[in-house]
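The following questions and answers examine the packing of a single protein chain.

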Amino acid sequence: MLSEILQGIETGGLLIIRDSCSYSGRDLLKSLISAALNREEVIHVLCFDVSEEELRDGLKPSDTQRLHIHNAYLDPLGWTGHPNFTVQQFNLKDLTDLVKQTSQPKPAMLVIDSLSWMLRHMTPPAVCQTLQQLRKGGAVRAVIALLHTDMHQRGTVGSVCHLATSLISVAPGVKGNEAVAKITKRSKSGKVIQNEEIFCITEDLTVTMLSKPCHAETKTNNTEEEQADPTANLTFNLRLSDAELEAKQKLTLPFVFSNEKKTALLHPGPGSGRILYEPDANDDYDQEDPDDDLDV
């Protein structure tokens with residue numbers, strides 16, 4: 001599933017990479033940027049956590065022409081008076097104007113490094129509102145964001161991640177160069193797909209899929225074994241043997257007419273009895289006055 005995400009994000013998609021102090025998700029973020037540049041996509045990056053030089057490190061120089069980095073690392077709050085980009089500009093209008101400054105034939109992809117800066121200086125409802133507005137289209141085709149989960153309360157992280165169409169939680173693996181990715185993908189129909197994969201990232205930002213964790217398969221098998229049989233300790237039998245099933249199928253239920261019985265009733269043969277009724281004079285009474293025959 002991680003390889004499918006590296007091949008591209010659908011229009012209107014929001015991908016959030018969740019990391020912590022135990023494992024940084026920035027290498028995976030840069031791998032996604034490199035894969036998007038290889039697809040000749042135009043990318044705008046809001047750079048808060050690291051410098052522009054560190055973000056460009058590892059990317060091919062030939063691909064950086066379509067990479068537009070808005071450096072908010074030096075002055076994220078606008079204290080110098082001449083900032084490149086600030087936290088206060090994280091709204092739909094300013095972001096649309098920022099993206100439209102560069103001419104491109106198709107909507108660009110927006111990368112946020114990271115959302116934690118916005119959540120530390122803006123209210124979570126304001127951040128969620130901007131992300132939801134960006135998802136609806138316009139100048140931005142899709143959004144990829146990095147989120148440091150150990151910097152925020154659980155409710156704040158849950159509110160932001162609820163908007164994501166794809167969610168990747170990264171953690172360190174068993175070996176030094178390995179990492180574990182827990183992926184949650186939500187389709188437009190509402191179906192949720194979850195998977196867990198082991199991967200590693202090389203120096204040229206290539207993601208190599210290694211395998212699936214062994215404990216994930218063990219957990220599935222244990223769950224199947226622990227499922228109890230509800231018919232195990234009953235005092236009666238709910239299942240039928242072959243002979244009992246055959247006898248049940250041959251049984252004719254009451255008030256259920258067979259085809260032969262229906263034919264006999266609807267088409268009587270010769271010699272069958274009939275009832276003849278001749279009305280009497282006393283039987284003829286007026287429906288309007290049923291008491292007309294009474295001597296009153």
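Q: Leaving aside neighbours within four places in sequence, which residues are in contact with Ile 33?
A: The model is predicted. Contact here requires heavy atoms within 4.5 Å. With neighbours within four places in sequence left aside, the partners of Ile 33 are Ile 43, Val 45, Leu 59, Leu 67 and Val 111.

Q: Which residues touch the most other members of the largest nonpolar core?
A: The largest nonpolar core contains 35 residues. Those that touch the most other members are Ile 33, Ile 43, Ile 168 and Phe 199.

Q: Why does Ser 34 count as buried?
A: Ser 34 is found in helix H2. A residue is buried when its relative accessible area is under 20%. Ser 34 therefore counts as buried, because its relative accessibility is 10%.

Q: How far apart in space are Ser 34 and Gly 58, C-alpha to C-alpha?
A: Beyond its neighbours within four places in sequence, Ser 34 is in contact with Leu 59 and Leu 205. Ser 34 and Gly 58 are separated by 24 residues in sequence, and their C-alpha to C-alpha distance is 8.9 Å.

Q: What classes of residue form the lining of the largest cavity?
A: The structure holds 1 cavity of 30 Å³ or more, and the space in the largest cavity is about 30 Å³. Its lining consists of Ile 5, Leu 6, Gly 8, Ile 9, Leu 32, Ala 36, Arg 39 and Ile 144. Gly counts as polar and Arg as charged. By class, the lining has 6 nonpolar, 1 polar and 1 charged residues.

Q: Which helices each supply at least two residues of that lining?
A: Ile 5 and Leu 6 are among the lining residues, and helix H1 spans 2-6. Leu 32 and Ala 36 also line the largest cavity. The helices that each supply at least two lining residues are H1 and H2.

Q: What share of the accessible surface belongs to carbon and sulfur atoms?
A: Of the 296 residues of the chain, 37% count as buried. The accessible surface comes to about 19,400 Å², and the share belonging to carbon and sulfur atoms is 51%.

How values were computed: Residues numbered from 1 in each chain as written. Predicted model: local features only at pLDDT ≥ 70, side-chain atom pairs only at ≥ 80, totals over all residues. Heavy atoms only, no water. Core = buried A, V, L, I, M, F, W, Y, C linked by side-chain atoms within 4.5 Å. Buried < 20%, exposed > 50% of the residue type's maximum accessible area, 1.4 Å probe, protein only. Areas by Shrake-Rupley, 256 points an atom, 1.4 Å probe, with all protein chains shown as cover. 1 Å grid on protein atoms, 1.4 Å probe; cavity = no way out; pocket = protein on both sides within 12 Å on 5 of 7 lines; lining within 4 Å. Points joined across faces, edges and corners; volume = space filled by probe spheres on them. Helix = DSSP H or I, 4+ residues; strand = E, 2+ residues; numbered from the N terminus.
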